[in-house]
Each structure stands twice: as C-alpha cells, then as structure tokens.
Amino acid sequence: MSDKLYKILLFAAALIMPIVCGGVLYALVTDAYDAFEHFGFFKFLTSSEWSYTEGAEQYGALPFITGTLMTTMLALLFCIPFSLPVALFVGEYFKGTRVASVLSTVTDLLAGIPSIIYGLWGFYTLRPLIMALDISPQGSGILTASLVLAIMIVPYAASLSAEFIKMVPNDLKEGAYSLGATRAEVIRRVVFPVAGSGIFSSYVLAIGRALGETMTVTMLIGNTNNIPDSITSTGNSMASIIANQFGEADDLRLSSLIAIGLILFLITAFINMIGKIMIKRARIA
Amino acid sequence: MEPVTPILEFNKTCVSYTKQTMAVKYVSAAIDRNSITAIMGPSGCGKSTLLRAVNLMHSLYPNIRVDGEILLNGENILSMEPIDVRRRVGMVFQRPAPFPTMSIYDNVLSGYALNGIRLSKTEKDETVERCLKSVALWDEVKDVLNKKGTFLSGGQQQRLCIARALAMKPDILLMDEPTSALDPIATAHIEELMQELQKEVTILIVTHNMGQAMRISSKSMFMYLGELVEYGDTAMMFSNPSDERTRAYLTGKMG
C-alpha cells in the first residue's frame, strides 16, 4: 500500500518538470503570437528596425540575434585559449595530484560567482581599460561584453573538457609513449583526437551558457538597437534587450520582446540538446 | 674469439614503487640476440615491472625508481633519453589498443607520425605492406586499410599493434602477456608469428601461461617476489628446475 502511494507521489513530482517546460513554451508562444502575426515570422527574424514611434511601430529581432551570436562566438574564441590549458593541466599533466584538485576547485568556484559581480568588474575595471587603450570611445560594447562572458564560461568548458581528457585510456597513451612519442606528441596525436568529440561538446554546452547570459551582457554591451558593425561597437543581445525594455513595454512591443525570448529559448534548447547528445556519444565511445 | 656483447643485459636492476618496497630486486641476466626469452612467475612477482623498465615506462610515473643498469648493446639505457630508447625498443601490451581515431594504415605508421618523421608515399606504402605481412595480417586487411583499426577482431588488433611496433624497426620487442586477452586460436596465431619474428628481432615476453613459455621460448626466467630465481634453457628448466620454488610453480603447487 505505502509502496504504491510512494510511487504515485514520485510520479507526480517527476511530472512537474515536463509540465513546467510545456507551460513556459505555451506562455511564450501565446504571448509572442501578436508580434509574429503582425510582422510575419520570417519578417520579424530578418527585420533590423526597432522603433516604437506610436502608429509606426516596427520591431525586428535581427540586431539582437546578431548581437547574441557575435558576443557568444567572440566569447568562445576568447575562452578556448584559457580553458584548454586548464583542462590539460587538470586532466593530463597533473592528473590526480593535489595541484590539479586545487586548480579544478578554484575553477569551479569561478562558475559560482554571481553574474552581477562579473558585470560590476567589467563595468568598473575592464571598461575604463578599454577606453584607456583607445579601443573604443565609450568602453562598453560587443568586445567588452564578450571578454567578460568568456571569463564566465571558462569554468564550464574547462572542467567538462578535463573530464573527457581524463577518460582517454592509459593503454593508448602508453602505446604512443612506447613508440617514442614525446608528451606533446601524445597530446596532439592521441589525447586530443580521442577526447575530441567530448571536448567539442563541452564547448557546445559553454555556448549554451553564453547565449542566455543576461546581467553581465546588459551591463556591458552598450544597449543600442542597431546591428553592430564591428566588434568594438555597441549593441544589444536577445537577453539584454528584454532585460532593458520589458518594464516599460506593452502591447506589440511586449509581444515582440517575448517573441525574441521564444527564439532565444529555442536556440538555447537546440544548442544544449546537441551538446548533450554529443556528450552521450562521446561517453559511449 | 672476441666476446659478443649481449643485446640486452640486466645488471643488478632494481625497481621500487615506494621507498620501503622493491618490486624488482637485483636482477642480473643477459638476453640472447634473435631469440625468445620468456619471463614467468606468479602475479605480483615483478615480471611486468621488469619488462616495462626496459622501455623506460617508469619515467612516466614520477614515484617509480629504477636502479642498477640495463644495457642495450652495451649502453646503459637508464642514462639515455627515454624517447631514444623507446624508438629502439618496441612494446606490445596486454590489451590490444590500436589508436581508435586512426585507420589501419595510419596505425602501422603511427610511430613515425608520433615522432614527426616524414615518409614519402612509397616509403609509407612499403612500410605498411612489409609490417602487415610480417604479422600475417596483410591478406586479411589489404582491402580495408582505410578503415579504423578498432573494427578488427581482438587477435587482429593485437597483430596490428605488433606491426605498429615493428614499423619502427626496433632491436628488441617487449611483449607483456600479449595473448592473455585473446582466444586460443588467436593466441596460436600470435605464437606462430613470434617464432617467425625472432629471425629479425629479439623478443622478451612476459607470460602467465607456462605452456606458452615452453612452446615458444628458448630461454626462460622465473621470478618470485621480485627476485630472479632461475634463468636458463627453457627445456632444461621445465624438465629439471634447479630451484625448489621453480619446481613448485611449474608443477602447479604455487601460482
């Protein structure tokens, strides 16, 4: 009897997750419907107008999609040269040592720092530096946001890749050493190829994190609604435009913001799904 | 007549994992050129440890110490660069482990790739064909050279690993229980192969299988608790061991 009750309770609790997910999707779709109906789905995606002059309202998501993709890709680019060495350090060179465990703890600690703190650091330390170096006059912009975003995703990419690097069988490494290979050659020809798909999927998941990161980006990207024409110019990401404008928006503008939210949700879900599938495959192989 | 330098000579070789315990204790023995020498003994007797020391595998693990001398053609390998030693001393491990991201063709040539040695297309083709032929794998795989080595059966994979070691033209081939993960037919194949190979390379093999030692080796070492108890002619050792411990092991009273 109690076993049956337990089962029912467990089942009910587990059911909450899909219900929440479905609910979010449903709410996003119904609230975004107005915008898609008014502008057309495809037009909404490709229009770069964002003007709320009454009577001539025009909303399009392209500047923000571009802003999100630019910051994410740049962040990934900056992240790789820092996360890969950390992963190699923890997963290969100092595998199993005290130094490695300290380093990986510190790396994981970085992942737990609230994004507002990264934002403040970016605003008061990095932004003046960028101005002082004459990289851009206003300091904030795509580049500034990407740099801080990169620091934020390093821990994810590094600790996941380290796991896959650790999993490379010793048999293979010893086999390579026995043929006279140096450590660098073993890493290049054996460790990286074998752990490759796992490392790649770590970066896919890191991208998933970067896509939706809101607070830091909102504080640093400059918040202009045009398509950024260079990496030093200002812009807005999909998350930052919503964070900036949801309070004052209503009707069509609110619906457009929610539509952007829906697109962001779908892109993020898609990227995360690909990452997860790849990780599963990498683990099996 | 001038005395011939043995191809490999252990001189009071000791290996220790910790300061207190020695896994291999003062082993001294000279290995004959172009022969098969078997190292036997119960689990944990130090036979694999001794074998791995010849390829300086211990230098990958900072806590392992090797003392004494191991002479390769009269030169002490313990004071040589591990990379130079390993290019001259091939090794085949217990579990066949071809590189999973490389084709059969590239697996054979992996020693060259790993060492950054460039070969011309003809040299590559010749090396692959010669090595696969010498491990009797050529006929089975010559049409699928671009497939991944991991698609092969366990015995074929192990022969591929032997070919990979032979491609570097080593002076010595170390084999660490190369057939323990294989079925009897694949094992017979590998044993036959070793008989062929001893014409070109000196083989030192660790084996758990007394029958295997008897079938293939001309000389045998028996190790127990890190010591080399007996070393001599295989047929002699099996028929009339000089040490009581060897006799106990060979008659199955100790294992």
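Modeller: Keep in mind that this is a predicted model. The part to look at is strand 9 of chain B, residues 219–224.

Start with burial. How many of the residues of strand 9 of chain B are buried? The count is 6 of 6, and the strand is mostly covered. A residue counts as buried when 20 or more other C-beta atoms lie within 10 Å of its own C-beta. B:Lys219, B:Met221 and B:Met223 are on one side. B:Ser220, B:Phe222 and B:Tyr224 are on the other. Every one of these residues is buried, and both faces of the strand are covered.

Next, the partners. Strand 9 of chain B pairs with strand 3 of chain B, residues 36–40. These two strands run parallel and are joined by 4 bridges. One bridge pairs B:Thr37 with B:Lys219 of strand 9. Strand 9 of chain B also pairs with strand 10 of chain B, residues 227–233. This pairing is antiparallel and has 6 bridges. Here B:Phe222 has B:Glu230 of strand 10 as its bridge partner.

Then the turn. Strands 9 and 10 of chain B form a hairpin, with 2 residues between them. B:Leu225 sits in that turn and has a positive phi of about 50 degrees.

Chain B has another hairpin to hold beside this one. Strand 1 (residues 8–16) and strand 2 (residues 22–31) of chain B run antiparallel over 6 bridges. Their hairpin has 5 residues between the strands. B:Thr13 finds its bridge partner in B:Val27 of strand 2.

Positive phi values turn up in other loops of chain B. B:Asn73 has phi near 50 degrees, a positive value in a residue other than glycine. B:Asn73 lies in the loop between strand 4 (65–72) and strand 5 (75–76) of chain B. It counts as partly exposed because it has 14 C-beta neighbours inside 10 Å. B:Glu177 is also not a glycine, and its phi is positive, near 45 degrees. B:Glu177 is in the loop between strand 7 (172–176) and helix 8 (184–197) of chain B. B:Glu177 has 21 other C-beta atoms within 10 Å, so it is buried.

Now a covered helix. Helix 7 of chain B covers residues 154–166. Because 12 of its 13 residues are buried, helix 7 of chain B is largely enclosed by the rest of the structure. Among the buried residues are B:Gly155, B:Arg159, B:Cys161, B:Arg164 and B:Leu166. The length of helix 7 of chain B also checks out: at 1.5 Å a residue it should span 18 Å, and its end C-alpha atoms are 18 Å apart.

Move to the side of chain B that meets chain A. 22 residues of chain B are in contact with 17 residues of chain A. On chain B, the elements giving two or more residues to this side are helix 2 (82–88), strand 6 (89–92) and helix 4 (110–114). Helix 4 of chain B gives the most, with 4 residues. By type, this side of chain B divides into 11 nonpolar, 7 polar and 4 charged residues.

One residue of chain A shows the meeting up close. A:Tyr177 lies in helix 7 of chain A, residues 170–178. A:Tyr177 counts as buried because it has 24 C-beta neighbours inside 10 Å. Leaving aside residues up to four places away in sequence, A:Tyr177 touches A:Val186, B:Leu60 and B:Arg86.

Finally, chain A as a whole. Chain A has 11 helices and 2 strands. In sequence order, the pattern is α-α-β-β-α-α-α-α-α-α-α-α-α. Its C-alpha trace spans about 75 × 70 × 30 Å along the principal axes. Chain A has 285 residues, and 44% of them count as buried. Of its contacts with a separation of 6 or more, 73% are between residues 24 or more positions apart.

One helix pair in chain A deserves a look. Packed helices are described by the angle and the distance between their axes. Helix 3 (residues 62–93) and helix 6 (residues 142–166) of chain A have axes that come within 5 Å and cross at roughly 40 degrees. The crossing is right-handed. The residues of this contact divide into 22 nonpolar, 6 polar and 2 charged.

Notes. Residues numbered from 1 in each chain as written. Chains lettered and ligands numbered in written order. Predicted model: local features only at pLDDT ≥ 70, side-chain atom pairs only at ≥ 80, totals over all residues. Contact = placed C-beta atoms within 7 Å. Nonpolar A, V, L, I, M, F, W, Y, C, P; charged D, E, K, R; others polar. Expected span 1.5 Å × (residues − 1). Axes fitted to C-alpha atoms, helices over the stretch in contact; angles between N-to-C directions. Left-handed = near helix turned anticlockwise from the far one by under 90°. Pairing = 2+ DSSP bridges.
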